[in-house]
Structure formats: C-alpha cells, structure tokens
There are 2 protein chains.
Amino acid sequence: MSQAKRTTIADIARLAGVSPGAVSFALNGRPGVSELTRRRILEIAEEHQWQPSSAARALVGSRAGVVGFAVNRPARTLGTEAFFTDLIAGVQSALAAHGMALQLVVVSSIEEEMATYRRWRSSNQVDGVIVIDPRDDDPRLSLLGSLPLPAVVIGSRASVGDPPSIWLDDEAAAHALFDYLAALGHREIAYVSGPAEFQHTRIRTDVLASLARRDVTGETLVTDFSPAAATSATRTLLSRAARPTAIVYDNDVMAIAGLRVAQEMGVSVPAALSVASFDDSVVTGLVHPSITCLTRDTFSLGEQAAVFLLEMIDAADPLPARRGPAPTLTIRESTSSPRR
Amino acid sequence: MSQAKRTTIADIARLAGVSPGAVSFALNGRPGVSELTRRRILEIAEEHQWQPSSAARALVGSRAGVVGFAVNRPARTLGTEAFFTDLIAGVQSALAAHGMALQLVVVSSIEEEMATYRRWRSSNQVDGVIVIDPRDDDPRLSLLGSLPLPAVVIGSRASVGDPPSIWLDDEAAAHALFDYLAALGHREIAYVSGPAEFQHTRIRTDVLASLARRDVTGETLVTDFSPAAATSATRTLLSRAARPTAIVYDNDVMAIAGLRVAQEMGVSVPAALSVASFDDSVVTGLVHPSITCLTRDTFSLGEQAAVFLLEMIDAADPLPARRGPAPTLTIRESTSSPRR
DNA sequence: CGAGTCAACTAAAACGATCTAGTACGGTGA
DNA sequence: TCACCGTACTAGATCGTTTTAGTTGACTCG
C-alpha cells in the first residue's frame, strides 16, 4: 500500500560502496570524486530514482528549490487583475522548466511583506523573491538590498542601489499611446489612473502633461483601479459640456466599464469618443467595439523575471538591470480621429 | 548589516534553563511541561521572536506549513480563467489567515501531476493538496486515496472512495439556468461546452438533454474553452436557417466572444437571442448588454476548500464530503423571452 | 515504610543533505 | 629512501526540530 522508504544519499552510498559525502560530491558535480565513480553513482541514483530532499537541503543552508512571491494586494482583487495572473503564469512556466516551485503568499501590508522576506531568508525557505509594484523610496527594496536574498524587481525603470530590476519602459509606452491619440487629432485627453503612489501611474501622468507643448490638454482622474470608480469617473467626464474626445484607462477592466458608460449615455465609440487601455487582456479584443490597448506580454515578462532571478541565484553577485519585453500598441475598433 | 543568527529552540532552552525537548513540548502545546514553565518558555520565545524553521520541521516529518496545488493546465491560459484565479485568491486568503503558504506548480500532464504528489509526499514538502478538475475514473484520486497525503477535491459531486471533496451541485446549478430559459419560453437552446471529459460538462449536457420532456430541443457544441472556438461555434449556430433562441456558454470569456459574434451578425441580444454563461466574472456585468450568469462564489469556494484541507490535516482521518457555496442565478440584460 | 504511580523533565537519536578536516595512497624528485 | 604533493576519498559535525526512552523526585496507598 504505502510507498517504500525514500531513497537517500546514504542508500546510494551503500550500494556504490562509497561514503555519503562522495555521493553528494558526485550528485552536485563537485570535484572530489573520479569521473568513473561519479558515473557509477549517477547511474545508481537514476536507477533508484533518487530525489533530493529539499527540506534537508534547506536546513543545511543550500538551495530550497523554491522562489517566493509575496503579493501585497487584497486577495479578492487578485483574480481580476489580468496583469497579475498572467505574470504568475509566466513565472510559473519558467520555473517549472527548471524544476523550481513557486511559493505564493498574500500579505496585507508592506510591513507584513517585509516580515515575510525576513522569515524566508532566515529559514532558508526560498532561494529568491520577485517583487512587484515598486514605489519611490520603497523600504522593501532597501531591506532586500541588505538582506542576502536574491531579488528581482518588476518595475518601471532601471533601479540603481536597489536589487536589480526587470523594467518596462513605461515612459516610452505611455508616449506610444498618448502620442498616437494626439496624432489622430485629439486635443482633450483624459486619463483614468490608478493610485498615485505607483511609479507607472506617475510616469504616465507626467507624459500626458508633457503633451501640453503639442496643444493637448491632459487631465488625470485618480481611482482605486475598481470598475465602479472607473464608471463614476467616466460619467463625470462625459457629463461635462466640454467632453474629452479620448479617455485612456489604466487597465482593461476599467476600460470596459468606461465603454459601457459611453454606450449607456449614447456617446458613440469611436465616433464621438475614443477609448484605450494601458493593459490588454483576452476580453478587450472580444467586446464590441474592441478596445485599443497597449499590449504588454505580461506572460513573458514573468518568464523573463523568473529566468533573471534564477541566474542571480546562481551568480550570487548582483547583476545589472535588464529591460523587459517592449510593449506594443494594438489598435482596435475603439479609437479613431475625433469627429469635427 | 546582516541579520543576527536566527533564534533556535536551543537558545530558548538555554535562556529558560530547560532542555530543548521541553521547549518543543511547550511550543507545540504538548503535555510534558508544567503550565508554569510553558508560560515562561512562551514568553521568552515571544520576546526573542522565535520562528519555527519549516525546513527542520519538514525534515523530521511533521508539518511543512505549506499546501500544494498542482495545476494541470497550459500555463498561458491560467491567467485568463476567472474561475481559476479567483479560486487561488480564495485559497490564499484562508491559508494566510492560518499562517500557511501555498505552493503552486504548473504541470503538463496527469502523470507529471501524480509524480508531483509522490515527490511532495516523500519529501514532506507539503501538508496537503488541493485537486481540481476531477474526471471519471481519475487515477489521481486513487493515488491520493492510497498515499497518506491529505487532499481535497473540488468537484461536481460528493465522492465515495476517493479523497473527500468540496462539491458544487452542478446538476442543480444547470437546472437553475436551463429551466429559467425554458420558462422564459425558449424551445431551442444551444450549449457551447468545454471538453467532454470534465464531469461538470457531462452533467450540464445531461441536464439540457433532460429538458426534452418540456419540449426543449437542446444541442451541445463541444469546444476547448477558447474564445476562438466559441466564436466559430456561435457563427455556426447563428448561420442556420433555424437558429437557437438562446445560447449558453461554459464560461465568461466564451460568452463575451459569442456576444460579439451576435452583434457582428446583426442579431440583437436579447431581443433575437438570449445569451448566458455558467461562469461569472467582473466583466460579464460590464459589457453591453451585461450577461446573465450563474454566479458561483469561487473565491469563497477556494476559502472553504482551504479550510477543509486544514481541518483534514489536523484530523488525519478522512472527513465526509462537504457542499460548497451554492451558485445563484444572476439575471442581467442578455436574456429575455424570445420574440415571437 | 516500601512499592508503585505520576508529572516534569532530560538525553540523545533521528531526519537527509552538505561541508570541513583529515587520511590513504600513488607518484615524483633529490 | 624520504619528504612532499595531489587526488580520491572518508569520518563526522552540522543545520533545527521532533520524539522516544529514560531519569528524577514527590506523592499516594496499603
């Protein structure tokens, strides 16, 4: 019925007629055994389906085989953020290819997040961590900079003293979208953003403001990312005498909510109003009209972050920041020149 | 700079003037120490912020503090399934409340999934697992039945010999939706389903077929859950001379894709066609027209599954199957009586 | 008063790997 | 022949916890 006892290094040592230490050397490709014995040991290990015990490894302070991801977002919203879920999927995919696992924990404050990192570090539970949503003067980053725990930050710009980052050029991306709308002839553009403490929100706001020199009036409405907030922001905008001719939303769900408001109020999209989103997802291409989006390959961003982290774990020295996949503009039905 | 050495049970034992064993007893609420010493030990542990080393615990064969979740779905689609992501969020939320972590791994076959369970079991990496998508004669379930590894199955019906399940009454749910459409007057209903090997797909197909006695003609079109497949299935259905007056989709994304096809083909929803989905998500309420859905509180399903699993881990004996949150029918704009 | 019981502890093994210090042995050069 | 070196190993400590088998000492009971 029950499984036989697990095969340990000691078993293999006995079978091969060597000491456990020698087996460990052989299995880890370390010098200290002859090529001949190494092969013999490897063969026996293979034959008896030896699997390393990650608990034992973690205990003695070497690899845990796990990458940690502490997410500081309300658990309820985790599922609705396309960015987040795609990211996890991508991370997973790269980790799985290297036989590593992902430890996911939801925390509810920055303090808790930092406590998690400390705990992980001190008990050797994870080999490295992935950090998202960097802020200005982020205490998490200083902590991770001092803790000997490999970390990759997924952010908006190359970091300097902090742990290395995979960064998306949010400024270029914001320009791609806003410049396109300006080129179409829009002169009044509204931006329905997320909370202001996120770097990417600030960058986008700044880029929009900078369009003033092209005679574009930009306005930012801050929300909490929720569809309800997007709905009410859109109602406000469309109720004005002087409506904007284009509204850009921070994510796909808000854009869809905004689109609905326009339809309810009889504002035809794209004839009377162009709509666009900074986040793509399956549904943006399926709604009617489909929504112009900045398409970021979040899945491969996750993959790249994971690969980067694995390299850092191996390297031990800090590696230089790396640029993530470039976002591209996906033009769909929801944008056009404003009617005169 | 770097953190001091971690506080171990031995440190506390020294400070309290007792042996490490006694500290272990005290910390785990086991008999063997007086109430007085227990309190003293607890106090010292608290003061020095002792944290158990999960590696050491896992090594000696007790709790790992981790719950495993092996997902056998293509990583790319993970992020797009609202069901899946909501479920994870719910599981996470309940686990976090108990200080447990979630280990998530993506596998690509049933064999790999089973190998993962064996590995987890033999190296004590997880304390229990959550299993989704049960099939008929599922080898995973027999494996988990024989492996001493607590498991909770999230499925369509109460299981018998297999590991206990949290089950959703899919039959009642399917009736709720199909009966409602029949009551509205629909006599030709199409069901765009997922792959036939899933239990819930089978159950829904059967329920629809059973409506024949109410003069309802039901037809099932099998897809792979992808929006593209839903698009083409819908085109086929709407191109017929005798169209169905209602189409029900297995999930939210497919329903949105179907809705778009109807709009493209000039079939007005709900006047000429009613549309409904077996899966709800944020967007179904935001698109125009909003889509009638069977709303299942997937988040709390995840929570309940996690709580159930934690109880099983504590109990060690198998517990009876448990009924999950009841799905409710959310009527929105996309359904109405068929026009004559 | 002695045997027996019980509570409250201790000592030490166990888990499975890694890693350091040491040893045996063959070969080399003087 | 001896000192010396490098290679290929071994022995044993180590990580932090749990757990089993004792060992005390106080108390009870006949």
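Residues are numbered from 1 along each chain as its sequence is written, while chains are lettered from A and ligands numbered from 1 in the order in which they are written. Because the model is predicted, local features need pLDDT of at least 70 and side-chain atom pairs count only at pLDDT 80 or more, while totals for chains, interfaces and linings use all residues.

Me: How many residues does the contact take from chain A?
Reply: Two residues are in contact if their C-beta atoms, placed from the backbone, lie within 7 Å. Chain B gives 48 residues. Chain A gives 48 residues.

Me: Which element gives the largest share of the side of chain A that touches chain B?
Reply: Helices (H or I, at least four residues) and strands (E, at least two) are DSSP runs, numbered from the N terminus. The elements of chain A that give two or more residues to this side include α4, α7 (110-122) and α12 (252-264). The largest share is seven residues, and it comes from α6(A).

Me: How many residues on the side of chain A that touches chain B are nonpolar?
Reply: Ala, Val, Leu, Ile, Met, Phe, Trp, Tyr, Cys and Pro count as nonpolar, Asp, Glu, Lys and Arg as charged, and the others, Gly among them, as polar. This side has five charged residues and 18 polar ones. The nonpolar residues number 25.

Me: Why do the copies meet through the same surface?
Reply: Compare the interface residues of the two chains. The copies meet through the same surface because the share of chain A interface residues that are also interface residues in chain B is 100%.

Me: In which sense do β2(A) and β2(B) pair?
Reply: Two strands pair if DSSP finds at least two bridges between them. Here there are three bridges. L102(A) stands opposite L104(B) in β2(B). The sense is antiparallel.

Me: Which element gives the most to the surface near DNA strand D?
Reply: A residue is near a strand if its C-beta atom, placed from the backbone, lies within 6 Å of it. Around DNA strand D there are 28 residues, and S19(A) and T8(B) are among those that come nearest. With five residues, the top element is α2(B).

Me: Which strands stand at the edges of the open sheet in chain A?
Reply: The sheet has six strands with mixed pairing, in the order β7-β6-β8-β9-β10-β12. An edge strand has a single partner strand, so one side of it is left without a neighbour in the sheet. The edge strands are β7 and β12 (328-330) of chain A.

Me: Which helix packs on the sheet, touching β6 and β7 of chain A?
Reply: Six bridges join β6(A) to β7(A), and these strands run parallel. The helix direction makes about 175° with that of β6(A). Such axes are lines fitted to C-alpha atoms, for helices over the stretch in contact, and angles run from 0 to 180 degrees between N-to-C directions. The helix is α10(A).

Me: Is D215(A) buried or exposed?
Reply: A residue is buried if 20 or more other C-beta atoms lie within 10 Å of its own, exposed if 12 or fewer, and partly exposed in between; C-beta atoms are placed from the backbone. D215(A) lies in the loop between α10 (199-210) and β7 (217-222) of chain A, and its phi is near 65°. With 8 C-beta neighbours inside 10 Å, D215(A) counts as exposed.

Me: What kind of peptide bond joins V269(A) and P270(A)?
Reply: Most peptide bonds are trans. P270(A) is found in the loop between α12 and β9 (274-277) of chain A. With omega about 5°, the bond between V269(A) and P270(A) is cis.
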